[in-house]
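Open the model in your viewer and keep the selection tool handy. We will go from stop to stop, and at each one you get something to select and something to look for.

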Amino acid sequence: MPRRSPGHRSFSPRTGGDRLVGSAAVARDWTPGSWRARPAAQQPDWPDEGDLDRALKVLSSYPPLVFAGEARSLQASLAKVSAGNAFLLQAGDCAESFEEFTANNIREKLRVILQMAVVLTYSLGVPVVKVGRIAGQFAKPRSAPTERIGDEDIPSFRGHIVNDAAPTAAARIPDPERLVHAYHQSASTLNLVRAFTKGGFADLGRVHEWTLEFVASSPEGRRYERLAAEIERALKFMRACGVDTESTTTLHEVDVYTSHEALLLGYEESLTRTDSLTGGWYDCSAHMLWIGERTRQLDGAHVEFLRGVGNPIGCKVGLATDPTWVLELCELLNPNRIPGRLTLIARMGADHVEDGLRPLLAAVRDAGHPVVWACDPMHANTYTSASGRKTRDFATIEREIAGFVAAHRAEGTWPGGIHVELTGDNVTECVGGADAVLDEQLPDAYHTMCDPRLNGRQSLDLAFGVAELMRTSGLV
Ligand code: TRP
Ligand code: MN
């Protein structure tokens, strides 16, 4: 499998409609490998092409991680979000780790997501679509290919799917075996997520049991307990009426979908398969894939790859964009204007989001593109604290969401959801929150391999904050 096929340099303009095969739209002049003719940003320098090709070949022979029908269900749910009738909660690790790979870790993350979802569902009164940054969120784009350690320049850490985080030149050599390892870890993570979400752990009758010990005694923990008690009472009433949670699937189970940044295109290509039901192509590494801020070039390989898969897809949208660019992106990624197909994830910074986002909202609205707008309030609000740690301030995160909601309110569009980095662990990576983490406490439990994440308390706090914002804005 050649990394670049030089014979593939010319491509026809991608205007005009896509072809319909069976019931699936097939993008024009697209194949799972057509991205190889385009410049691909942020790809590792694999030391041996032969080793890479062998790893990708192994992956191509493995079973898909998700089923195309599930990706379509997620898209149908996201269509409701795009129409203003549901809310998206996309949450999880910045980068999953090969080392912190335990049942506890997965369960705690899930607990926080379920708690946030319950708070949002109860307070907003609309369905909450739950998507984890989980079971495949391994690869990290970097601002520089190398990092200065002492007097040596060594390759940057690109996530456990590529290399090791240890600050030595040897640890940082990209190893294609890690692609295969990432697949297996994703498979077992997804297996446990399915077990928990379908096997009774997510039963609404257990709403009290999701509270983590370190959250229970905090102000947000007590607030959650009050809300959980109200739900309990409602369920008791329902039980008295003859409806119990165990035998009612919608109360007993939840759908938690998987997602990650589609950064390593060889990996994504190797897990791309045709769906036996519709004949369409799906990237079966996750239900939803997104394009990052650093790889969203319109003529680049990432846009080329994702335009051809049938999954719901996302794209991060920063301040360095304009309405023309966003409309071109929408045309490339969703020419057939399928509701729920495209999620635009704004990450502009608390100070800029309201003014920066409004022209984009207006342009997309006027062009009639049925996108989901989500707010990533994390990535444009990172700074280095006085103690030298990369951190984010809870108040600033909330302020970006407030600006995001205000922009939508002004344009008459629906603030469709949030995209956040969190963990169930009691970490001290972001400062602030109701039970404030202070700057000097950051070193206490600073465990992230990459960006600072909200801990369980801060995540819950944020869910309450978002619910309040939506209510005071008169949106729900
Ligand atoms: N299945 C419903 C939903 O996902 C209700 C539900 C069951 C639920 N368990 C949940 C909602 C846990 C949030 C959290 O909305
Ligand atoms: Mn991140």
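Which strands make up the closed barrel, and how are they paired? Select β3, β4, β7, β10, β11, β12, β13 and β16: in that order, these eight strands form a closed barrel with parallel pairing. From one strand to the next, the twist averages 25°. Helices (H or I, at least four residues) and strands (E, at least two) are DSSP runs, numbered from the N terminus, and two strands pair if DSSP finds at least two bridges between them.

Before going further, some ground rules. This is a predicted model, in which local features need pLDDT of at least 70 and side-chain atom pairs count only at pLDDT 80 or more, while totals for chains, interfaces and linings use all residues. Residues are numbered from 1 along each chain as its sequence is written, chains are lettered from A and ligands numbered from 1 in the order in which they are written, and side-chain values use heavy atoms, with hydrogens and water left out.

Now colour by pLDDT, the predictor's confidence in each residue, from 0 to 100. The protein chain has a mean of 94, and 95% of its residues reach 70 or more. Residues 1-16 have a pLDDT below 50, and this stretch has 24 contacts (heavy atoms within 4.5 Å) beyond near neighbours in sequence.

Six bridges join β3 to β4, and the two run parallel. For one bridge, find Gln90 and its partner in β4, Val131. Then move to β11 (residues 313-317) and β12 (residues 342-346), a parallel pair joined by five bridges. Ile313 stands opposite Leu342 of β12. Next, show helix α2 (residues 68-82), which packs on the sheet and touches several strands, including β3, β4 and β12. The direction of α2 makes about 125° with that of β4.

For a helix pair, select α1 (residues 49-61) and α4 (residues 177-198). Their axes come within 8 Å and cross at roughly 25°. (Axes are lines fitted to C-alpha atoms, for helices over the stretch in contact, and angles run from 0 to 180 degrees between N-to-C directions.) That makes α1 roughly parallel to α4, since angles under 35 degrees count as roughly parallel, over 145 as roughly antiparallel, 65 to 115 as roughly perpendicular and the rest as oblique. Leu52, Ala55, Leu56, Val58 and Leu59 in α1 meet Leu179, Val180 and Tyr183 in α4.

Two loop residues come next. Most residues other than glycine have a negative phi. Gln42, in the loop between β2 and α1, has a positive phi near 65° and is buried at 16% relative accessibility. Ala135, in the loop between β4 and β5, has a positive phi near 60° and is buried at 2%.

Finish at Arg409 in helix α12 (residues 394-411). Arg409 is exposed, with a relative accessible area of 53%. Arg358 is 51 residues away from Arg409 in sequence and 9.7 Å away in space, C-alpha to C-alpha.

Technical notes. Buried means under 20% relative accessible area, exposed over 50%, partly exposed in between (1.4 Å probe, protein chains only).
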